[in-house]
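Take a look at the sequence and the 3D structure below. Keep both in view while you read.

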Amino acid sequence: MKVLSDSVGLACPWDPRDFSATVRAVQQAHRGERIVEVRLGVGPLRHHLPARVLGHAAIVAGILQSDVIAIAGPLRRLWLFSSAPKAGNHEIGSAVRALGALAGALRVAGITSPIVLELADAAQEIPANLEVALPPKLIAWLDRAAALSGNTAPAIWYAREHVALSMFADLGGEDDLVLRITVGSAPEGKFWGVRWRVRAAALAHGLPVTPALALILKALRVPWYNATSTEPELGVMKSPTAAIAALDRAANPKYGGNFGLVPEARALRRIVNFAGVSELVDAVADAKSAERYVRQSGFVIAPRLDSALKRLL
Amino acid sequence: MDNSFGSLLPNQSDGQTTPLRSSPGLSVASGTGTGSLPALASQTVATPFGIFTRFIVDEDGDIVPADPGKFEVAR
């Protein structure tokens, strides 16, 4: 058996019925009987679009090319969604810049799998009658995370909606022969604490649940889209040396920075001179150019994003 | 200092030790969570998913050293 990277924590459904179904699904994926889809969530941009997205993509690309294949076999598609509408943020221009930046950065980092881009549905998708008891400690974390991120959606409602079809798609499509794998930073692990409970409640109500696992990048403490106020913007990458120095400083507590940014700051050095970085920086500089970029770069634009982009024009 | 989400995660840079849970028949090295990792663990644990792992995400969403007993309970 292979060993997962030291940098990841394996998240699995803790409900016994869900757990067993996911074990079977992993075996089916290895036999080619289930396709493997990785989902990455992108929250609303805070402050600005940071250069750190490149370092984040370099780290995620490594996980996709090693751990995902080891645990489930070849990746069929990568699904990136913006949770901004679900979080109460309806700035489509900002969402498409963030999605384009991450998708483009993954291409720069060498990911060649099909990439789907979509927006989460702002409406409630999870039935209100799914009763889920959350531990007080987790509720307290969700409340604090919502306050820090600036999300306007109620914290627990937003967390429950993570299992929705337009987000991580835990619920929906029993006949949909997919094994879904979430790859995310450490806070995504906390949302997994909610997701497995909602999944269990859904199963208890006889609702279909898609087998899923998550690989949580435990050293990535600050979601890349939650830029700190001192981080360099992606536009600074036009001068890579300055961008690296600025991100190093933003990651250094000695200068009032956040130590949690260090892994992505280091990874930024690996990717900074890759072909396509400069073009990507220009492509997502504003909403209009980002719209053109995502449409012309071979990404699959899913229906909700497609409609929103048409309204943006 | 802008901690953002980072301040919400346990045992990251506060110098606290995360106790490791040993399992019969497995060698477990001690470690302290003084670096960027939640804890240090030397044991790899076989999972029912056909892969070994050193860390898992527990029921509450915390990243902890893997414990083979967790998988037996879930089965």
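## Chain B

Keep in mind that this is a predicted model. Chain B has one helix and four strands. Along the sequence they come in the order β-β-β-β-α.

Chain B has 75 residues, and 35% of them count as buried. Now take the contacts in chain B between residues at least 6 apart in sequence. Of these, 25% join residues at least 24 apart.

## Where the chains touch

The contact draws 32 residues from chain B and 48 residues from chain A. On the chain B side, two elements give two or more residues each: β2 (51-53) and β3 (55-57) of chain B. That side of chain B has 16 nonpolar residues, 11 polar ones and five charged ones.

## A strand pair across the chains

Which strand of chain A is joined to β2(B)? The partner is strand β1 of chain A, residues 2-3. Two bridges join the strands, and they run parallel. Within this pairing, A:Lys2 stands opposite B:Ile51 of β2(B).

## Helix α7 of chain A

Helix α7 of chain A spans residues 240-250. Its buried residues are A:Ala243, A:Ile244, A:Leu247 and A:Ala250. Look down the axis of α7(A): the buried residues fall within an arc of 130°, so they line one face of the helix.

What do these buried residues of α7(A) pack against? Their partners are α2 (52-72) and α8 (262-271), both of chain A.

Technical notes: Residues numbered from 1 in each chain as written. Chains lettered and ligands numbered in written order. Predicted model: local features only at pLDDT ≥ 70, side-chain atom pairs only at ≥ 80, totals over all residues. Buried ≥ 20, exposed ≤ 12 C-beta atoms within 10 Å, placed from the backbone. Arc of directions from axis to C-beta. Contact = placed C-beta atoms within 7 Å. Nonpolar A, V, L, I, M, F, W, Y, C, P; charged D, E, K, R; others polar. Pairing = 2+ DSSP bridges.
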